[in-house]
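Here is a short briefing on one protein model. Look over the sequence and the structure first, then read on.

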Amino acid sequence: MMKFAWDNYKRYAWGKNELRPLTKNGHIGNMFGGLRGASIVDSLDTLYIMGLMEEYEEAKEWIQDNLDLNSNGEASLFEVNIRYVGGLLSAYYLTGAEIFKQKVLELGEKLLPAFNTPTGIPRGVINLGSGTSWSWGWASAGSSILAEFGTLHLEFVHLSELSRNPLFTEKVMNIRKLLNKIEKPHGLYPNFLSPVSGNWVQHHVSIGGLGDSFYEYLIKSFLMSDKMDQEAQKMYYSAMEAIEANLVQKSPGGLTYVAEWRGGILDHKMGHLACFSGGMIGIGADDGPAEQKQHYLDLAAEITHTCHESYSRSATKLGPEAFRFDAGAEATATRLSDRYYILRPEVIESYMYMWRLTHDPKYREWGWEAVEALEKHCRVEAGFSGIRDVYASTVSHDNMQQSFFLSETLKYLYLLFSDDDLLPLDDWVFNTEAHPLPVIRKRCLQEHGNTQDDGQTNLE
């Protein structure tokens with residue numbers, strides 16, 4: 001599947017951001033501010049991990065010769081960080097090729113001006129050429145978005161490790177400091193925050209879109225720090241407690257789901273994006289209160305089961321963008337506008353983590369159901385395409401092979417069917433675009449009596 005997706009991208013859309021498989025051409029879009037080759041950067045580590053070395057070499061060569069970082073457009077700080085910075089970092093750590101390090105440090109520098117705000121909370125959009133930044137027009141009252149400014153930590157800590165420049169880490173630590181200081185309604189983190197005043201703008205809370213990866217990066221920051229970052233650990237478990245107390249629900253049919261919270265009123269819907277949380281709660285089960293470990297593993301399994309139900313209750317056996325639990329509906333999309341599937345990875349991501357944590361064969365069975373559904377409904381003549389309605393037996397394609405399909409969906413499927421020692425979870429943490437970053441072990445040095453501290457770290 002990876003080779004088919006890649007070969008068609010190469011044939012019809014080389015150097016563009018994504019492949020449009022029905023029209024057999026490339027798509028640039030405006031999310032990356034003039035950067036090109038999103039599918040190439042996003043695919044590097046997948047190609048390498050799968051042993052597709054010829055394809056990996058072509059991708060590397062393109063980056064060397066054609067990845068131009070001097071662009072002048074409106075880039076999403078979040079998307080550039082998770083796809084380009086994450087993709088280049090993991091390619092460097094997996095292969096040691098200097099070109100990736102050189103490019104990622106150059107790009108990292110270009111993102112720093114986004115943090116020039118009264119609070120240090122970055123704005124969501126940045127012009128990579130001029131360094132000016134602003135907030136998304138649709139974000140309420142010029143606010144920054146929790147999932148966006150909360151999903152920089154892993155990459156920026158590694159930028160500091162590679163560049164020996166503490167500035168990157170300082171920027172993300174500063175975000176955390178502010179979040180710790182301000183009042184949180186019921187212990188929850190709303191999705192919109194003013195980068196000017198440092199106050200919440202609306203009381204909308206979600207572990208789906210707008211919120212999702214903020215929580216993921218708390219537990220992963222703790223794990224990536226070799227369990228030294230106790231602040232991240234504390235923030236994660238308090239957030240989990242608040243989420244359980246306020247958002248986790250059980251449907252009349254016995255399905256556990258995570259609702260959204262709007263100023264105290266629950267909206268009984270769960271987005272496909274929120275389905276990553278099964279895996280997150282699973283990997284976080286070990287390091288909370290000892291008596292909670294089994295509880296968290298059970299909760300992780302229940303949420304993953306609910307997300308599988310959203311797949312198995314559709315005609316295509318692929319899940320909708322959002323599904324609801326109201327008016328008698330359970331785990332199904334009731335609105336026409338929520339019925340699409342754009343090759344998203346989150347449900348499969350949770351299967352992969354739950355397989356590694358429990359080795360219950362059902363997770364591989366569920367993963368295989370997804371493979372068969374993708375092959376049947378999303379594979380077209382020249383690549384893979386999202387579909388417009390998962391409940392229609394005759395599918396209508398959306399003509400887009402998302403870069404995250406190659407970066408995440410296919411990588412998580414491959415890992416689900418691989419041995420646990422391929423990218424073992426003790427040594428690697430995946431960023432929210434599934435780019436593996438090494439655990440930073442500072443302890444080894446101290447234990448081996450290495451007293452001269454020159455900022456060296458052992459990145460296994």
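Helix 1 (residues 2-13) and helix 3 (residues 53-66) have axes that come within 12 Å and cross at roughly 35°. The model is predicted: local features need pLDDT of at least 70, side-chain atom pairs count only at pLDDT 80 or more, and totals for chains, interfaces and linings use all residues. Residues are numbered from 1 along each chain as its sequence is written, and side-chain values use heavy atoms, with hydrogens and water left out.

**Helix 1 and helix 3**
- The crossing is left-handed (the near helix is turned anticlockwise from the far one by less than a right angle).
- K3, W6, D7 and K10 in helix 1 meet E55, E58 and A59 in helix 3 (contact means heavy atoms within 4.5 Å).
- By class, this contact has two nonpolar, no polar and five charged residues (Ala, Val, Leu, Ile, Met, Phe, Trp, Tyr, Cys and Pro count as nonpolar, Asp, Glu, Lys and Arg as charged, the others, Gly among them, as polar).
- Axes are lines fitted to C-alpha atoms, for helices over the stretch in contact, and angles run from 0 to 180 degrees between N-to-C directions.
- Helices (H or I, at least four residues) and strands (E, at least two) are DSSP runs, numbered from the N terminus.

- Three strands form an open sheet in the order 6-7-8, with antiparallel pairing (strands pair if DSSP finds at least two bridges between them).
- Strand 6 (144-145) and strand 8 (200-202) each have a single partner strand, so one side of each lacks a neighbour in the sheet.
- L193 has W200 in strand 8 as its bridge partner.

**K220**
- K220 lies in helix 9 (residues 212-224).
- K220 is buried, at 3% relative accessibility (buried is under 20% relative accessible area, exposed over 50%, partly exposed in between, with a 1.4 Å probe and protein chains only).
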